[in-house]
Amino acid sequence: MSEDNKIKKGSILIKPRISEKAAVSADKVNAFVFNVAREATKKEIASAIKAEYKFTPLKVNIVNKGREKKAYIYLKKGEKIEIA
């Protein structure tokens with residue numbers, strides 16, 4: 001990615017997705033769902049989670065749906081992202 005196309009730090013994670021399905025994912029498989037920038041890569045998303053929440057994700061899955069891009073962030077058992 002060229003310098004001009006780099007995503008500004010802090011603009012990768014747009015907001016947590018708060019829904020019933022996201023809550024079930026958090027409880028069952030320790031996965032947290034975020035809306036992310038359309039241009040964001042898995043590596044950039046993982047770095048943003050580490051910088052913001054101090055957890056290193058085990059895995060990041062991305063889902064493109066229409067104009068939105070969602071990221072499922074999987075953490076180790078016992079780690080939890082507190083969403084205010």
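Helices (H or I, at least four residues) and strands (E, at least two) are DSSP runs, numbered from the N terminus.

**Before you start**

The model is predicted, so local features need pLDDT of at least 70 and side-chain atom pairs count only at pLDDT 80 or more, while totals for chains, interfaces and linings use all residues. Residues are numbered from 1 along each chain as its sequence is written, and side-chain values use heavy atoms, with hydrogens and water left out.

**Stop 1: the whole chain**

Show the protein as a cartoon, and you will find 2 helices and 4 strands. Followed from the N terminus, the elements come in the order β-α-β-α-β-β. Of the 84 residues, 35% count as buried (buried means under 20% relative accessible area, exposed over 50%, partly exposed in between, with a 1.4 Å probe and protein chains only). Among contacts between residues at least 6 apart in sequence, 55% join residues at least 24 apart; contact here means heavy atoms within 4.5 Å.

**Stop 2: the sheet**

Colour the strands next. The 4 strands make an open sheet, ordered E1-E2-E4-E3, with antiparallel pairing (two strands pair if DSSP finds at least two bridges between them). E1 (13–16) and E3 (59–65) are the edge strands, each with a single partner, so one side of each has no neighbour in the sheet. From one strand to the next, the twist averages 30°. As background, strands of a sheet pair through backbone hydrogen bonds, either parallel or antiparallel.

Now zoom in on E2, residues 31–36, which pairs with E1 over 3 bridges. Lys15 stands opposite Asn35, and the bridge partner of Leu13 in E2 is Val36. On the E4 side, 5 bridges join E2 to E4, and Val33 has Tyr72 of E4 as its bridge partner.

**Stop 3: the helices**

Select H1, residues 20–29. H1 packs on the sheet and touches E2 and E4 (68–74), its direction making about 140° with that of E2. Then select H2, residues 42–53, which lies across E1, E2, E3 and E4 and runs at about 120° to E3. For these angles, axes are lines fitted to C-alpha atoms, for helices over the stretch in contact, and angles run from 0 to 180 degrees between N-to-C directions.

**Stop 4: both faces of E2**

Are the residues of E2 buried or exposed? In E2, 6 of its 6 residues are buried. Show the side chains to see both faces: Ala31, Val33 and Asn35 are on one side, and Phe32, Phe34 and Val36 are on the other.

**Stop 5: two nonpolar cores**

A nonpolar core is a set of buried Ala, Val, Leu, Ile, Met, Phe, Trp, Tyr and Cys residues joined through side-chain atoms within 4.5 Å. Which residues have the most contacts inside the largest core? Select Leu13, Phe34, Ile45 and Ile73, which hold that place in a core of 16 residues. E2, H2 and E4 each supply at least two residues of this core. Centre the view on Ile45: leaving aside neighbours within four places in sequence, Ile45 is in contact with Ile12, Leu13, Val36, Ala40, Val60, Ile62, Ala71 and Ile73. A second, separate core has 5 residues, among them Ala22, Val33, Tyr72 and Tyr74.

**Stop 6**

Return to Asn35, which is buried with a relative accessible area of 9%. The Asn35 side chain makes a polar contact with the side chain of Arg17 at 3.1 Å (a pair of N or O atoms within 3.5 Å; within protein, one must be able to donate a hydrogen and the other to accept it, and residues adjacent in sequence count only if both atoms are side-chain atoms).

From Arg17, move to Glu68: their side chains meet in a salt bridge (3.1 Å, N to O). A salt bridge is a side-chain nitrogen of Lys or Arg within 4 Å of a carboxyl oxygen of Asp or Glu, and the structure holds 1. Arg17 sits in the loop between E1 and H1 and Glu68 in E4, 51 residues apart. Arg17 is partly exposed at 28% relative accessibility, and Glu68 is partly exposed at 39%.

**Last stop: Pro16**

Finish in E1 with Pro16, which is partly exposed at 24% relative accessibility. Draw a C-alpha to C-alpha distance from Pro16 to Val33: they are 17 residues apart in sequence and 6.0 Å apart in space. Beyond neighbours within four places in sequence, Pro16 is in contact with Val33, Phe34 and Ile83.
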